[in-house]
Amino acid sequence: MGKQFAGIEPEHRAFIERQKIFFVASAPPQGRINVSPKGLSSFRVLGETDVAYLDCTGSGSETRAHLMASHDKRLTIMFCAFDGPPMILRLYGQGRSLMRGTPEYADLVPQFEEVAGARQIVRLAVDLVQTSCGMGVPLFDYKQERGSLVRYWMAQGVDNLRKYWRLKNMKSIDGLPTDFVPDSMVPPS
């Protein structure tokens, strides 16, 4: 039986900080639902009802497009224990995308270890925390971070990063705009 909480309790925060992977789910008013795995030690608990993650460049940008298209900005972040005692923890709330190059991004990025290829910070105003047993989740052993995504963007350089954003990150798979502004996100060199 799941339990619900108004905010992130100290034991929830400790659980979150031990996890190596989390999942982000978003949906536009109409269109495909997206679930993305995230890692790279990119998640931060900022307060009892405030969390954020540093988002690295990938092959799409569904979360930002969905947040922009939705009046209610629904977002769910899920953690589950792959070792130790079983548990699933979900954070529900309203998300905001803070695009790289904006004052909001600059204000929050010191909370993270910035990585090459970071394109936004996704912030979640948590309105519900739910835990459940997680006994059906298998056990896995963590080996290490892959590191290949960060190395790839370091090797590509700023000009190729901006080109990639223009080519792959301007629309969702359903054609929703992301409003990324590559030249503002990383000014031309």
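Student: Which residues does UniProt list for "domain: Pyridoxamine 5'-phosphate oxidase N-terminal"?

Tutor: The unreviewed UniProt entry lists residues 8-133 for this domain. Please keep in mind that the structure is a predicted model.

Student: Where in the chain do Phe22 and Tyr53 lie?

Tutor: Phe22 belongs to strand E2 (residues 22-26) and Tyr53 to strand E5 (residues 50-56).

Student: What is the geometry of the rings of Phe22 and Phe79?

Tutor: The centres of Phe22 and Phe79 lie 5.5 Å apart and the planes are at 35 degrees, so this pair is tilted. Here too distant parts of the chain are linked, since Phe79 is in strand E6 (residues 74-80), 57 residues apart from Phe22 in strand E2. Both Phe22 and Phe79 are buried. Ring pairs link Phe22, Phe43, Tyr53 and Phe79 into a cluster.

Student: Which ring lies under the charged end of Lys20?

Tutor: That ring belongs to Tyr142; the charged end of Lys20 is 4.9 Å from its centre.

Student: How should I read a nonpolar core, and which residues touch the most other members of the largest one?

Tutor: In soluble globular proteins, nonpolar side chains tend to be buried together. The largest nonpolar core here has 21 residues, and Phe43, Val51, Ile77, Phe79, Leu89 and Leu91 touch the most other members. Elements that give two or more residues to this core include helix H1 (10-18), strand E4 (43-47) and strand E7 (88-99). Strand E8 (118-132) is also among them, and E8 supplies the largest share, 4 residues.

Student: What is Leu91 in contact with, leaving aside its neighbours within four places in sequence?

Tutor: Its contacts include Ile8, Ile16, Phe43, Val51, Ile77, Phe79, Leu124 and Val129.

Student: Which residues does the second core include?

Tutor: The second core is separate and has 12 residues, including Ala52, Tyr105, Val109 and Val150.

Conventions:
Residues are numbered from 1 along each chain as its sequence is written. This is a predicted model: local features need pLDDT of at least 70, side-chain atom pairs count only at pLDDT 80 or more; totals for chains, interfaces and linings use all residues. Side-chain values use heavy atoms; hydrogens and water are left out. Rings of Phe, Tyr and Trp (its six-membered ring) pair if their centres lie within 6.5 Å; planes under 30 degrees apart count as stacked, over 60 as edge-to-face and the rest as tilted. Buried means under 20% relative accessible area, exposed over 50%, partly exposed in between (1.4 Å probe, protein chains only). A charge sits over a ring if NZ of Lys or CZ of Arg is within 6 Å of the ring centre and within 35 degrees of the ring normal. UniProt positions are given in the numbering used here, feature names are shortened, and annotations may be inferred rather than shown by experiment. A nonpolar core is a set of buried Ala, Val, Leu, Ile, Met, Phe, Trp, Tyr and Cys residues joined through side-chain atoms within 4.5 Å. Contact means heavy atoms within 4.5 Å.
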